[in-house]
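Hi,

Here is the structure I said I would pass on. Have a look at it first, and then read on for what turned up.

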Amino acid sequence: MQLVDHADHYLHRTRSDAWLRRYVQVQGDWLAHGQPALLFTFHWGAGMWGLRHARQAGLKVHALAAPAEGAAFAGRWVLRRYAQARLRSVEQALGTDLIFVPKGLRHLRGVLAKKEQVLALLDVPQDQGQGQVCTFLGQRVLLSAAMPLLAQRQQGNSVWYVTGLDVHTGRRYLHITPLEAGLSAQALMETMVQGLERWVQEAPAAWHLWGQWPRFSGPAQAVQDVPVPEEESLCWSAEKITDAWFRSHFEYAADVVYAWLSAVVDVRSARMMQFGCGDGITDLALALRYGAGHIHGVDVRREYEKLPLIAQQQLGLEILPKALSFETIRPSAPLQGQAALYDVVMSWSTFEHVQRDQVLPILKDLYACLRPGGYFFLQIEPLYYSAFGAHLGRYDSVPWHHLLVTDDELWDVVRNCEAPLHADEVDFGFADFGPEGYKRFVFEEYQALNRLTADELVALTAEAGFAVVRQERRHYEPSPVPDVLLEKYGRDVLVNNEIFLLLQRK
């Protein structure tokens, strides 16, 4: 069987999906594609065609794999080259990148968040003595419980399968079995191990790991029940989100930040700082969905202290990723020298709130916090002179109203507004103030806005030493701009609602 499995490594590269449809007999169904799911299989049979079939069925499966390196390959360059070639074949068969363990495990969050699938081999020896004890072939064996624990939280979106060989006809067969929803991680493991045992008893030669059996069983006293740390379970689900504010920052804001940064840095390994982190939701999303490995959020307020509870309520996440840290800072206090230099600084809808005479000093300070060649992603929306640049759109629906009336008149509009707020305009600080207190808070924030235009902001970043790598200005004109404003400010300033800047330390 192992020789057939080796042959399939080459065969799959030279045969089309038509060969698969003709020579692979399938029993059972994959889960519907477009949903996050866990797939489990074993070192049994000839698995390459199971991978091809999953891809043909529309799944986007990322397989967990050990890299072809380490002591096992020392002085064995032919074996290493062959192992590397097989790993490439797996990637080709699935049409996705592998997730290398253990370092790549943090990327599982991002894969599942994109509604893609993860494939894990369950029958892997646990040489470190940590895992879950199961009975296999009459012996106590130790297997990793991390992926079954994750499957437990996937609410039934899991299957296990085997790909075997009919030695009489040469045809392959694929058996897919769904895992019952609601089972504990231990029950899921026992179900799959019992399934593997049945297949091994039916075709013992098809199991590839007989030579590794001592690593599974070992001396009885070496096998212990060791719980998997909760933070390794990576248990969360975006399907639990009910709050519009959370969703907009967890999904839209994080997607935008990642799209801009991923073109120039690897967010998985970059040291990043979020200037004005607020409640930390976007930083959480970058860690969970895109595998960001280090984000330090700073803010003059302490909204991020609510993040553990918010994440539990909106995602079912019981513990924040270790990649995140937060700090309260004093307004305008320098950050330079407080930590090692960063690869990236980010700021989302923050700089319009910085006191105008402090914008340049803070930009210079952030410049000094970056390593040479490091990047600064900066976004502001809405800009002050745009239609709803007062940040009062939740209470006042008249475009450019703040530029047409006095502050007293504007406050009367806000104070007397009784219309319900749009859900995506209610942040998690609303409850701290109450309805009337929140009106006063946001109006005082409006009065403190620095009123920077996009051109003024770009000029200040240049004065601070930054080079502009990329910029984008978005425009919004919900109704014709009043002539009196066009004469005073000009169209470009009035319809420029948002600016994105990717800056670099020279």
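Before the details, one cut-off: a residue counts as buried when its relative accessible area is under 20%. Keep in mind, too, that this is a predicted model.

Let me start with helix α11, which runs over residues 307-315. Its buried residues are L307, I310, A311, Q314 and L315. They sit on the same side of α11, because the arc they cover around the axis is only 100°.

Next, two single residues. T163 is part of strand β8 (residues 158-165). Is T163 buried or exposed? At a relative accessible area of 1%, T163 is buried, because the cut-off for that is under 20%. If you skip the neighbours within four places in sequence, T163 is in contact with W44, G45, A46, G47, G50, Y173 and L174.

A7, over in helix α1 (residues 2-14), is partly exposed, with a relative accessible area of 41%. I also looked at A7 and A120: they are 113 residues apart along the chain, and 22 Å separates their C-alpha atoms.

As for the whole protein, it has 17 helices and 16 strands, and its C-alpha trace spans about 85 × 50 × 50 Å along the principal axes. Of its 506 residues, 49% count as buried. Taking contacts between residues at least 6 apart in sequence, 78% join residues at least 24 apart. The protein exposes about 23800 Å², with carbon and sulfur atoms supplying 51% of that. On charge, there are 48 positive and 58 negative ones, and their mean positions are 10 Å apart.

Finally, confidence. The mean pLDDT is 88, and 93% of the residues reach 70 or more. One stretch to watch is residues 219-233, where pLDDT stays under 50. The model has 24 contacts beyond four places in sequence for that stretch. Where pLDDT is low, the predicted coordinates should not be read in detail.

Cheers

Methods
Residues are numbered from 1 along each chain as its sequence is written. This is a predicted model: local features need pLDDT of at least 70, side-chain atom pairs count only at pLDDT 80 or more; totals for chains, interfaces and linings use all residues. Side-chain values use heavy atoms; hydrogens and water are left out. Helices (H or I, at least four residues) and strands (E, at least two) are DSSP runs, numbered from the N terminus. Buried means under 20% relative accessible area, exposed over 50%, partly exposed in between (1.4 Å probe, protein chains only). Contact means heavy atoms within 4.5 Å. Accessible areas come from the Shrake-Rupley method with a 1.4 Å probe; for residues, only the protein chains shown count as cover. Lys and Arg count as positive and Asp and Glu as negative; His and the chain ends are not counted. The place of a charge is taken as NZ of Lys, CZ of Arg, CG of Asp or CD of Glu. The arc is that of the directions from the helix axis to the C-beta atoms. pLDDT is the predictor's confidence in each residue, from 0 to 100.
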